[in-house]
Amino acid sequence: MENRWLSFVPDEMEPRDAYRLMLSLIVPRPIAWVSTLSPDGAPNLAPYSFYTGVSGNPPVVLFSVSPRSARLGGGEKDTLRNVRATGEFVVNLVAEPLAEAMNQTSGEYPPGVDEFAQAGLTAAPSVDVRPPRVAEAPAALECRLHQLVPVEGSGSVMVLGRVVRYHVRADLHRESGLVDAAALRPVARLGGSEYAALGEVFSLERPKIG
Ligand SMILES: Cc1cc2nc3c(=O)[nH]c(=O)nc-3n(C[C@H](O)[C@H](O)[C@H](O)COP(=O)(O)O)c2cc1C
């Protein structure tokens, strides 16, 4: 079998091409569907797939916000501006039936446009933070801002949030304390405009050394 490799140097590429290549290599990515409130109480909702958990104790999650596209003036996205101003957000999970609605909320709407209403979603009150969660989402993480970390040399800012409360639809929560991944039906982001559903779920026991 021939193993032929292509190699790419990001500094020698058009930034957009390098970015697109990266997005198609870091796959599948979970999607944080982030709800926030502006200081005057306007709800905002948008998806972020540069997203992961970064600490277990205390539970801290991270998502990264790039500047708005130059075409739209390149300023801060509403989510980052709201988190900076209020220190609170909710990460909602995107299940397969919500993929279309999630995509609608990614439109670069002007500040003040309520993406819940745009996408026909219901805002359910949170318990410990002011931004509402998406009632239709199978799970949600209420978060308080932990740190804002600028990514040097880029306009991106990492938002770290401490999870203060989890909401999980009762039928998805198993006796083991874990959420049933197959029943959750999470949507994953791939490159370009591609998405993926969960494939086969399998288990591996960690090796016991010593
Ligand atoms: C699935 C998906 C994932 C996205 N991930 C990110 C991301 O990680 N970082 C980012 O800055 N924008 C990301 N975007 C684009 C934002 O959702 C988009 O810029 C949105 O308009 C921002 O809304 P806001 O200004 O209300 O925060 C993503 C879009 C989609 C559809």
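Where is Ser106 found?

First, some housekeeping. This is a predicted model, in which local features need pLDDT of at least 70, side-chain atom pairs count only at pLDDT 80 or more, and totals for chains, interfaces and linings use all residues. Residues are numbered from 1 along each chain as its sequence is written.

Let's start with the whole chain. The protein chain has five helices and 11 strands; helices (H or I, at least four residues) and strands (E, at least two) are DSSP runs, numbered from the N terminus. Taken along the principal axes, the C-alpha atoms fill a box of roughly 60 × 50 × 35 Å. A compact globule of 210 residues would have a radius of gyration near 17 Å, and the 18 Å of this protein chain agrees with that. That radius is taken over C-alpha atoms, and the globule rule is 2.2 Å times the number of residues to the power 0.38.

How much of the chain is buried? Buried residues make up 25% of the 210 residues. Here a residue is buried if 20 or more other C-beta atoms lie within 10 Å of its own, exposed if 12 or fewer, and partly exposed in between, with C-beta atoms placed from the backbone. As for contacts with a separation of 6 or more, 60% of them are between residues 24 or more positions apart. Two residues are in contact if their C-beta atoms, placed from the backbone, lie within 7 Å.

Now the core. The largest nonpolar core has 30 residues, and Trp33, Val34, Val91 and Val94 have the most contacts inside it. E1, E2, E4, H2, E5, H3 and E8 each supply at least two residues of this core. By nonpolar core I mean a set of buried Ala, Val, Leu, Ile, Met, Phe, Trp, Tyr and Cys residues joined through C-beta atoms within 7 Å. Take Val94: leaving out residues up to four places away in sequence, Val94 touches Ile31, Trp33, Pro47, Ala99, Met102, Pro186 and Val187.

Helix H2 is worth a look too. Its buried residues are Asp78, Thr79, Leu80, Asn82 and Val83, and they pack against strand E1 (32-37), E2, E4, E5, strand E8 (139-150) and strand E9 (157-168). Just after H2, Gly87 takes a positive phi of about 75 degrees.

Next, the strands. Two strands pair if DSSP finds at least two bridges between them. E5 and E8 run antiparallel, joined by five bridges, and Val91 has Leu141 as its bridge partner in E8. E8 also pairs with E9, in the antiparallel sense over 11 bridges; there, Val149 has Met158 as its partner in E9. These two strands form a hairpin with six residues between them, and Gly153 in the turn has a positive phi of about 80 degrees.

A few backbone details, if you're following along on screen. A cis peptide bond joins Val27 and Pro28, with omega about -10 degrees; Pro28 sits in the loop between helix H1 (15-25) and E1. The bond from Asn57 to Pro58 is cis as well, with omega near 0 degrees, and Pro58 lies in the loop between strand E3 (51-55) and E4. Then there is Arg185, which has a positive phi of about 55 degrees although it is not a glycine. Arg185 counts as partly exposed because 18 other C-beta atoms lie within 10 Å.

On to the ligand. Which residues are closest? Of the 17 residues around the ligand, the closest are Ala46, Phe50, Lys77, Thr79 and Ser106; a residue is near a molecule if its C-beta atom, placed from the backbone, lies within 6 Å of it. Strand E2 (43-48), strand E4 (60-65) and helix H2 (78-86) are the elements giving two or more residues to this shell, and E2 has the largest share, with four.

And that brings us back to the opening question. Ser106 is in the loop between H3 and helix H4 (115-118). Ser106 counts as partly exposed because it has 16 C-beta neighbours inside 10 Å. Its C-alpha atom is separated by 5.3 Å from that of Ala46, 60 residues apart along the chain. Leaving aside neighbours within four places in sequence, Ser106 is in contact with Ala46 and Pro47.
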